[in-house]
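User: I would like to go through this model with you. Shall we begin once it is on the screen?

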Amino acid sequence: MAELRGRPGTWGGLCLRLGQAALAAASIAVMVSSAGFAGYTAFCYLIASMGLQALWSLGLACLDGYALKVKRDLNNAVLVSLFVVGDWVTAILSFAASCSAAGVIVLFEKDISFCRRYYQLPCGRFQLATALAFLSWSLSATSAFIMFWLLASF
C-alpha cells in the first residue's frame with residue numbers, strides 16, 4: 001500500500017488536495033456572485049460546506065507541500081487516522097450539501113418552473129455552483145477512500 005496514489009506527502013496527494021480546494025472555491029465564487037442565493041437555506045449550506053472543504057483541503061495541501069519540500073514521510077497511523085476522520089466528515093458534508101442544492105434546483109427547474117417565471121433568478125449559476133460542488137465532493141470522496149485504505153494497511 002505504500003505506492004498508493006494520492007497518499008499524504010506525495011505529488012498525487014498535493015494535486016488531489018489542490019483540486020478539492022480549487023473546485024470548492026469556484027463553487028463558492030459562482031454561488032456568491034448569484035443574486036438571491038441567500039434566500040435559500042440549501043444554497044447557504046452549500047457555501048458553508050464548500051468553505052469547510054476548501055479550508056480542510058488547503059490546509060492538507062500545505063502539509064503535503066511541506067512534506068515534499070523537506071522530504072518527510074507522512075504515513076504514520078495517528079496522522080493518517082486524523083486524515084481519515086477529517087476527509088470522511090468533509091466528504092459527507094459536501095455530499096449532503098450538494099444533494100440538497102441539487103434538489104432545490106430540480107424543484108425550481110422541473111417541478112414548479114420557478115426559473116421560467118422569475119427570469120431574474122440566476123438558475124444557471126446555481127446549477128454551475130452545484131456541479132462544481134459535486135466535482136469537489138468526488139475528489140474528496142476519492143481522498144477519503146485512499147486514506148481509509150492507507151489506514152487499513154497499518
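User: Which residues does UniProt list for the domain "Casparian strip membrane protein"?

Analyst: The UniProt record, an unreviewed entry, lists residues 7-138 under that domain name. Please bear in mind that the model shown here is predicted.

User: What are the helix and strand percentages over residues 7-138, and how far apart are the end C-alpha atoms?

Analyst: That span is 81% helix and 0% strand. Its end C-alpha atoms lie 16 Å apart.

User: And for the protein, how many helices and strands are there?

Analyst: The protein has 5 helices and 0 strands, which gives the pattern α-α-α-α-α along the sequence. The C-alpha trace spans about 55 × 25 × 20 Å along its principal axes.

User: What share of the residues counts as buried?

Analyst: Of the 154 residues, 43% count as buried.

User: Turning to the largest nonpolar core, which residues touch the most other members?

Analyst: The core has 22 residues, and M31, F37, F43, L46, F108 and F126 are those that touch the most other members. At least two residues come from each of α1 (11-32), α2 (41-70), α3 (77-111) and α5 (123-152). The most is given by α2, with 6 residues.

User: What does F43 touch?

Analyst: Leaving aside residues up to four places away in sequence, F43 touches M31, F37, A101, V104, I105, F108 and F126.

User: Which residues belong to the other core?

Analyst: Another core, of 8 residues, lies apart from the largest one; L16, F83, V84 and M147 are among its members.

User: Let us move to helix packing. At what angle do α3 and α5 pack?

Analyst: The angle between α3 and α5 is about 155°, and their axes are 8 Å apart. An angle over 145 degrees counts as roughly antiparallel, and therefore α3 and α5 are described as roughly antiparallel to each other. Their crossing is left-handed.

User: How do α2 and α5 cross, and is the crossing left-handed or right-handed?

Analyst: The axes of α2 and α5 cross at roughly 35° and come within 11 Å. The crossing of α2 past α5 is left-handed.

User: Which residues meet there?

Analyst: From α2, F43, L46, M50 and Q53 meet F126, A129, T130, A133, S136 and S140 of α5.

User: Finally, what part of the contacts joins residues 24 or more positions apart?

Analyst: Such pairs account for 81% of the contacts with a separation of 6 or more.

Note on methods. Residues numbered from 1 in each chain as written. Predicted model: local features only at pLDDT ≥ 70, side-chain atom pairs only at ≥ 80, totals over all residues. Heavy atoms only, no water. UniProt positions renumbered as here; feature names shortened; annotations may be inferred. Helix = DSSP H or I, 4+ residues; strand = E, 2+ residues; numbered from the N terminus. Core = buried A, V, L, I, M, F, W, Y, C linked by side-chain atoms within 4.5 Å. Buried < 20%, exposed > 50% of the residue type's maximum accessible area, 1.4 Å probe, protein only. Contact = heavy atoms within 4.5 Å. Axes fitted to C-alpha atoms, helices over the stretch in contact; angles between N-to-C directions. Parallel < 35°, antiparallel > 145°, perpendicular 65-115°, else oblique. Left-handed = near helix turned anticlockwise from the far one by under 90°.
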